[in-house]
Structure formats: C-alpha cells, structure tokens
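Hi everyone, thanks for coming. I'd like to walk you through one structure today, so let's bring it up on the screen.

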Amino acid sequence: MLDHEQVVVRSGRRSRLPVIVAVHSTALGPAAGGLRLWHYPDWRDGLTDALRLSAAMTAKFAVAGLPSGGGKAVVALPEGMVLDPDRRRDVLEDVADTVESLGGTYATGPDVGTGPDDMAVIGTTTRHVFSRPARLGGSGDSSPHTARGTLAALRAVSRRLYGTASLDGRRLAVAGLGRVGTELARLLAAEGAALTVTDVDQDKRKTGHELGADWVAPDEILAAPVDIVVPAALGSCLTRQSVTRLRCDAVVGPANNQLATPDVADLLHRRGVLWVPDYVASAGGVVHAVSVEVHRLSAEEARARVDAIEHTVTDLLTTADAQDLSPAQAATALVRQRLAAADPAGRSA
Ligand code: PHE
C-alpha cells in the first residue's frame, strides 16, 4: 500500500540524476522536509529512503504540534560520484524545478549533504525553500537548532532517569560528528558531560580531541559503556543485533530513522533501554525554521519552541508509563491522534 499522497521521481533535466520528492501527508499543512544529497547503491534505495524520511517528517510535525506536513527530497548519487560546483548547481536547479512544480505542496530545506548555500541556489527558482542564509532572508543553518532540541530531549531523559536535567558529569556516546553531531557534542562538553565520539571520517578525530572526548571506532560506539548513546549519523543504526550490544540506559539522538525495522523499538523497550523516537528528539531544526519563516516568530520565541521539546519528551514518557506503552508506541498514538483530528475521514492516518 502506498501511504504517501504523492511521490515524484524525475530524471533531472540538467543533471540526469534521479530527483525524488515524497510528500507523505499534508493533513496538518503544507509538507516540509529536507533535501538529502547522498550516495546510494541504487536510486531505488534513495526512493526507499525518501519514503521513510518523509513519513518521519509527518510524525515530527505532528508531535511538535506544528501545522505542517511531511515530505522529503532525495537526489540519489551513484556510489563514488563527486559533484563539482557546476554539476552541483545543475542538481540543485533540477530539485528547485521539481519543488516549484508542486506549487507549494512541499517546501524543501537542508538535510544530509546540503546546507544553507544550497538552499540559496534553490531559492533563486522557488520560494518554497527553508534555511537560506540570513543575508538572503532565510533562517540560516538549522543544525544548531536541531542540536539544541536534542539537548532538550536529553534533559527530559536525564531528569527522568537520574533526577536532574543537568548533563554535567553524565557519560554520553555521540555517534557521528557531522554538523548536528558536532554542535551537540560541543553543547554537551560545555555542560561538563564526559564524551565518547566517533565518525566514519577519520579527520573528525581532531574535533573529538578538541572536545576532550574519547574516540572509538564507529562499530564500537553503540556498545560503549555510557549512560546515554546519541545517534547522530545516518539511519538504521539500531538493528536487532546492535541493540543486544547496548550497555547504556537510553538512546536519544538527532539522526533520522534510527530503527532498521519498527520492531526494534519493542526490543529496546524489553531490554529496558529508554529510546526516544528520533522524530521527537530531532525536531529542533524544522521547528526553528518553520517558526521563523512561516509563523514569523522572533528568534527568541522560536528558541523557546525548540526548548519546549523537553516538555514534549517529558509528557511522552509520562503518558507511556501511565498507559504501559513504550515511548515509541505512545508517540505513534499521539501522531495518529493529531492526524485524525485534522482529517476526520482518516485519509492520512
Ligand atoms: N533535515 C531536517 C529534518 O530532518 C529538515 C529541515 C530542516 C527542513 C530545516 C526544513 C528546514 O528535520
């Protein structure tokens, strides 16, 4: 069954690369979600990613309580392809054409492999774009806000598990030092957390060193003996296998689609590992962008909404307990409820 309202797959007119836009649901409002410019063994893997990521965006907005829908764009690069600046521009213009052709049903933003400068290029063709640089009237890089929102989620979990929202002295393992992971690691280090970090890119060792963090190999980070593991890289890291190796109390991070398969959430719960659904913990970036660019909130008000993720997570954990559900089940129920309220016919629930 196709759960999505609309999926566009095009061969880019200029780039000849597969441009994929998945609009999962507009039940709550026009769809928004980032553009992932990434390598896939086959473009169909990019399609699968877009379908999953766009559904996660619907859930992200529903839980955050914002009137936006879920979408995502993926340009599937063949393995090993490096884009020179001209070709990158071609790709971005192809994406911009596709976004524009949807007439506002979907607005794009940054995601893995893209940033504000790319959004500036897309913005020359379509106004349905978030996170352009501030000098062009956009809300700028969303990564610091995603990091801040994840920190808010971590505070809720910390209060719940250890009785304090402070992460001072807490041991955390950050898996992935991309833009969000690095920013989050900085915030955590500044607060006095003891960090273990990794990245597939060995050059990031330097960043780890600057943060005073211990470095482990990427395939060891999930099994690190820490309080909380923070997935901040690509998805599907939580598998039936990797979850049995966890030695932490909780897994909370900004990476999208952390579960390799949905049943892993139950496994985590049975093992007594508190998992906050990724679409709850990672909402800070879009919450900030939509609040500033669509709802015209001040920077301060937008920041308050990002910080409110702490309350969202606290409420979710309380509800889960009261109803004897896992946090994942409680979050799914909340998403269903909010979508059903917006669309009583149940079309998009
Ligand atoms: N990459 C962001 C996410 O997964 C998407 C996004 C950020 C969209 C900022 C719009 C603006 O949530």
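You'll find Thr98 in helix H2, residues 85-101. And what does Thr98 touch, not counting residues up to four places away in sequence? The list is Val8, Arg10, Val19 and Val21. Before I go on, please keep in mind that this is a predicted model.

Now let's step back to the domains. The domain assignment gives domain 1 as 6-135, and domain 2 as 144-282 together with 314-332. Taken over C-alpha atoms, the centres of the two domains are 26 Å apart. Domain 1 brings 15 residues to the contact and domain 2 brings 11.

How much area is buried between domain 1 and domain 2? It comes to about 1,000 Å², with carbon and sulfur atoms giving 49% of that. On the domain 1 side, Arg52, Lys60 and Val63 lose the most area to domain 2, and together they make up 50% of what that side buries. Strand E3 (31-40) and helix H1 (43-64) each supply at least two residues of the domain 1 side, and H1 gives the most, with 7 residues. Sorted by class, that side has 7 nonpolar, 2 polar and 6 charged residues.

Next, helix H10, residues 284-293. All 10 of its 10 residues are buried, so H10 is largely enclosed by the rest of the structure. Among those buried residues are His288, Ser291 and Glu293. What covers them includes H1, helix H4 (143-162), helix H11 (299-307) and H12.

On to salt bridges, where the count by this rule comes to 18. Lys72 pairs with Asp111, with the closest N and O atoms 3.0 Å apart. Lys72 sits in strand E4 (residues 69-78) and Asp111 in the loop between strand E5 (106-110) and helix H3 (116-122), so to speak distant parts of the chain, 39 residues apart. Both Lys72 and Asp111 are buried.

Arg148 forms a salt bridge with Asp307, at 2.8 Å between the closest N and O atoms. This pair links helix H4 to helix H11, 159 residues apart. Arg148 is partly exposed, at 30% relative accessible area, and Asp307 is partly exposed too, at 29%.

The side chains of Asp227 and Arg170 also meet in a salt bridge, 3.9 Å from N to O. Asp227 lies in the loop between strands E8 (214-215) and E9 (228-231), and Arg170 in the loop between H4 and strand E6 (171-175), so the pair ties together parts 57 residues apart in sequence. Asp227 and Arg170 are both buried. There is also a network of salt bridges linking Arg13, Arg14, Arg89, Glu93, Asp94 and Asp97.

Last stop, backbone angles. Asn257 has a positive phi of about 50° although it is not a glycine. It is in the loop between strand E10 (250-251) and helix H8 (264-270). Asp324 has a positive phi as well, near 55°, and is found in the loop between helix H12 (309-322) and helix H13 (327-342). Are these two buried or exposed? Asn257 is buried, at 9% relative accessible area, whereas Asp324 counts as exposed, at 69%.

Methods
Residues numbered from 1 in each chain as written. Predicted model: local features only at pLDDT ≥ 70, side-chain atom pairs only at ≥ 80, totals over all residues. Heavy atoms only, no water. Domains from an automatic or database assignment. Contact = heavy atoms within 4.5 Å. Buried area = accessible area lost by both parts, 1.4 Å probe. Helix = DSSP H or I, 4+ residues; strand = E, 2+ residues; numbered from the N terminus. Nonpolar A, V, L, I, M, F, W, Y, C, P; charged D, E, K, R; others polar. Buried < 20%, exposed > 50% of the residue type's maximum accessible area, 1.4 Å probe, protein only. Salt bridge = Lys/Arg side-chain N within 4 Å of Asp/Glu carboxyl O.
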